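Hi everyone, thanks for coming. I'd like to walk you through one chain today, so please have a look at the screen.

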Amino acid sequence: MALANAAMSEVIAPARTPLPARDRLLNPVAERLEELVQSSISHQPDAVLCALGTTQAKAGSKEAFRYVDHELPIAFGKAAFDAGIKTYALVSAMGASATSVNFYTRTKGEVERDIQKIGFQSLTICRPSLIGGDRKETRRAERAALALVRLLAPVLPNKFHLNPAEAIAAATLDAVIAAKPGNHFIYAEQMH
């Protein structure tokens with residue numbers, strides 16, 4: 001989506017596995033993403049869009065989950081800010097709260113709190129509901145929740161509807177292109 005946007009001259013996509021080669025795509029690859037923080041930022045992008053996330057089951061522990069969903073977004077954020085990058089967008093989650101008793105929503109709330117402390121000129125935090133789209137791995141609990149949300153969609157409030165991955169990507173991409181000064185939130189009901 002970013003490569004198709006005329007406002008983007010180049011896209012830097014650090015990853016653990018290579019992406020298909022495309023014009024205007026830089027794809028630094030390393031087994032551990034923290035190895036790519038400095039090299040990615042050294043290209044001096046105008047903005048950073050962070051959609052890092054995992055599940056506790058896939059990560060293997062609460063500590064590993066927190067590392068991916070909190071430590072890495074903060075590391076990319078601090079490196080970007082220190083390099084003079086003024087715009088950052090973060091994909092978080094509906095219900096994120098640093099005071100939540102739920103580990104997942106507390107971790108998401110803590111990353112939101114800590115990214116806001118960095119001081120970006122333009123910061124957008126996207127809080128989707130369940131994310132719809134094709135996945136390479138099977139997540140049984142998520143698949144069941146998605147089926148339930150689809151079934152109950154006619155009676156659920158908009159904020160609980162499925163958020164298509166494409167709508168989340170479009171909202172965050174629009175936010176970094178607009179780079180409106182201040183801290184902004186995009187909520188689930190705004191991404192359908």
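Helices here are DSSP runs of H or I with at least four residues, strands are runs of E with at least two, and both are numbered from the N terminus.

Before going further, a word on what you are looking at. This is a predicted model, where local features need pLDDT of at least 70 and side-chain atom pairs count only at pLDDT 80 or more, while totals for chains, interfaces and linings use all residues. Residues are numbered from 1 along each chain as its sequence is written, and side-chain values use heavy atoms, with hydrogens and water left out.

Back to Gln44. Gln44 is not a glycine, yet its phi is positive, at about 55°. Most residues other than glycine have a negative phi. With a relative accessibility of 46%, Gln44 counts as partly exposed; buried means under 20% relative accessible area, exposed means over 50%, and partly exposed is in between, using a 1.4 Å probe and protein chains only.

Ala179 also has a positive phi, near 50°. You'll find Ala179 in the loop between helix H6 (165–178) and strand E8 (182–187). Ala179 is partly exposed too, at 24% relative accessible area.

Now the overall layout. The chain has six helices and eight strands, and from the N terminus they run β-β-α-β-α-α-β-α-β-β-α-β-α-β. Of its 192 residues, 39% count as buried.

Next, a pair of helices. Two packed helices are described by the angle between their axes and the distance between the axes. Helix H3 (residues 62–82) packs with helix H4 (residues 103–118) at an angle of about 10°, and their axes are 10 Å apart. The axes are lines fitted to C-alpha atoms over the stretch in contact, and angles run from 0 to 180 degrees between N-to-C directions. So H3 is roughly parallel to H4, a label for angles under 35 degrees; over 145 is roughly antiparallel, 65 to 115 roughly perpendicular, and the rest oblique.

Who meets whom? On the H3 side the residues include Phe65, Asp69, Pro73 and Ile74, and on the H4 side they include Tyr104, Lys108, Val111 and Ile115. Contact means heavy atoms within 4.5 Å.

Leaving out residues up to four places away in sequence, Lys108 touches Leu52, Asp69, Val91, Ser92, Ala93 and Ala96.

Which residues touch the most other members of the largest nonpolar core? In this core of 22 residues, they are Tyr88, Ile115 and Phe120. A nonpolar core is a set of buried Ala, Val, Leu, Ile, Met, Phe, Trp, Tyr and Cys residues joined through side-chain atoms within 4.5 Å. H3 gives the largest share of this core, five residues. As for Ile115, its contacts beyond four places in sequence include Pro73, Ile74, Tyr88 and Phe120.

One last stop: Gly84, in the loop between H3 and E4. Gly84 is partly exposed, at 42% relative accessibility. Gly84 and Ile41 are 43 residues apart in sequence, and their C-alpha atoms are 9.8 Å apart in space.

That's my tour, so over to you!
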